[in-house]
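Biologist: I'm new to this one. Can you put it up and walk me through a few spots?

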Amino acid sequence: MSSFKEVALKDSCFRAGSTLCPGCMESVAFQNIGRVTDNGVKTIFTIGTSCAEVSTLAFPNVVAWGRGDDSSDDFGKTFAILHNVFESAPTLAEATRDVADALTDCGALDRKVQIISTGGDGGAFSIGLRTLLHTIHRRARVTIVILVNEIFANTGFQYSPATMPYADTSTTPAEGAPGNMNPPLDYIHLAIAAGAGMVAQLSPAHGKLFVKTIERSLEVDGTAVIFVPAPCISGWKFEDGQTVELALLGARSGVFPAFVWEKGKGGSVKDCEMNASERPAIEDFLGMQRRFGHLVARDKESGAVKPRPGREQDIENLKAWVQGNVER
C-alpha cells in the first residue's frame, strides 16, 4: 500500500482543461483516482454519460485526460476510456473484464489490467440500477465509482433516487411545496446485499482515506463499489471554494457518513460520532446551500442557522433521518 505522499507525487491521468465547475468534487476525485492508477498496471475506464463524461470528453474540443505530453511506450502507464450511455458503464466494465480474462487464459495477454467504471447517481440508481446490481451480483472484478451529487446535474438538476429529503430540485420544487418528500435509496446496503466485495462512501475531502480506499478497491476479489459524495456547486447552490468544507460537514453531521466495509472483514464509520450532540448541527450543513433556503435561514444578529417559522418539524424529521443514517 502506497503512502499518501507517494500517491500525491504520481502522474495523474486526469489533466487540466475540463469544463467542470471550478472546485467541483468530481474533478478532485478524478485527480486522486488518476494518481492512484499510476501503479504500473494498465487502466481501462468505462464512463457513463454524466457531468464527469460530458465535461471531460467533449472531443475534439475538450479532452481532459492524458498522462504526460506524449503517449507512453510503457504498457503500465497507458490507459483507455470507453464511453457508453448513462446506464451501461458497469456492464461495459464487466464485459471488458471478461475479455481481458479470456485473453489472459489463452495466452494472448500476459500483463494485468485494472478496470474502473464511473458515472453519476442518476445514471446508477435511476436509469441504470439493474445494470449496477447485476454487475455486483456477478462478482465482476472491477471497481465501480459512483459520483453522488443527488441530482441529474447534467440535464437540468432533476431529483434523483439519492436526493435527500426536502431538497429543492427542478422536479421537486420548494416553491409552494415542501421539496423532495422521498427518502433516498439506501444504496450502501443495496450494494452489500447484491454481493459486493467492498463498499465505501467516501470523498476526497478525507484525502488519505480516499486514496487508500481506491487503492485497496483495485485489489478486491469481486466488485468494489465506491460512492463519492460530490457536493454540486450549481445544483446545491453554494459558493465556489466551499466544496471540501461542505463535504466534510456532510460526513461529520451524518448526512453521508464516511464508511468503508469489506466482505468478511466488516466495516466502520469514520469521522462521525454516533451521538447527535457530538456531531455538527444539521442546520449548519443546510445553511450553506440555497437548495434548503425554504427550510432554514441565518439569524442576522447571532449568525446562527435556524429553522424558518413553521418548518421546525421538518428539521426534526431531517434530524431523525440523519440519525438513522449513522446508526445503519
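Modeller: Start with Ala 191, which lies in helix H7, residues 187-194. This is a predicted model: local features need pLDDT of at least 70, side-chain atom pairs count only at pLDDT 80 or more, and totals for chains, interfaces and linings use all residues. Residues are numbered from 1 along each chain as its sequence is written, and side-chain values use heavy atoms, leaving out hydrogens and water. Helices (H or I) are DSSP runs of at least four residues, numbered from the N terminus.

Biologist: Is Ala 191 buried or exposed?

Modeller: Ala 191 counts as buried because its relative accessibility is 3%; the cut-off is under 20% relative accessible area, with a 1.4 Å probe and protein chains only.

Biologist: What does Ala 191 touch?

Modeller: Beyond four places in sequence, Ala 191 touches Ile 136, Ala 196, Val 199, Val 225 and Phe 227. Contact means heavy atoms within 4.5 Å. Val 225 is 34 residues away along the chain, with 7.4 Å between the C-alpha atoms.

Biologist: New topic. Which side chain of opposite charge is nearest to Glu 53?

Modeller: Arg 15, 17 Å away. Glu 53 is buried and has no salt bridge, meaning a side-chain nitrogen of Lys or Arg within 4 Å of a carboxyl oxygen of Asp or Glu. Glu 53 sits in helix H3, residues 51-54.

Biologist: And its contacts?

Modeller: Leaving aside neighbours within four places in sequence, Glu 53 is in contact with Ile 47, Gly 48 and His 83.

Key
Helix = DSSP H or I, 4+ residues; strand = E, 2+ residues; numbered from the N terminus. Buried < 20%, exposed > 50% of the residue type's maximum accessible area, 1.4 Å probe, protein only. Lys, Arg positive; Asp, Glu negative; His and termini not counted.
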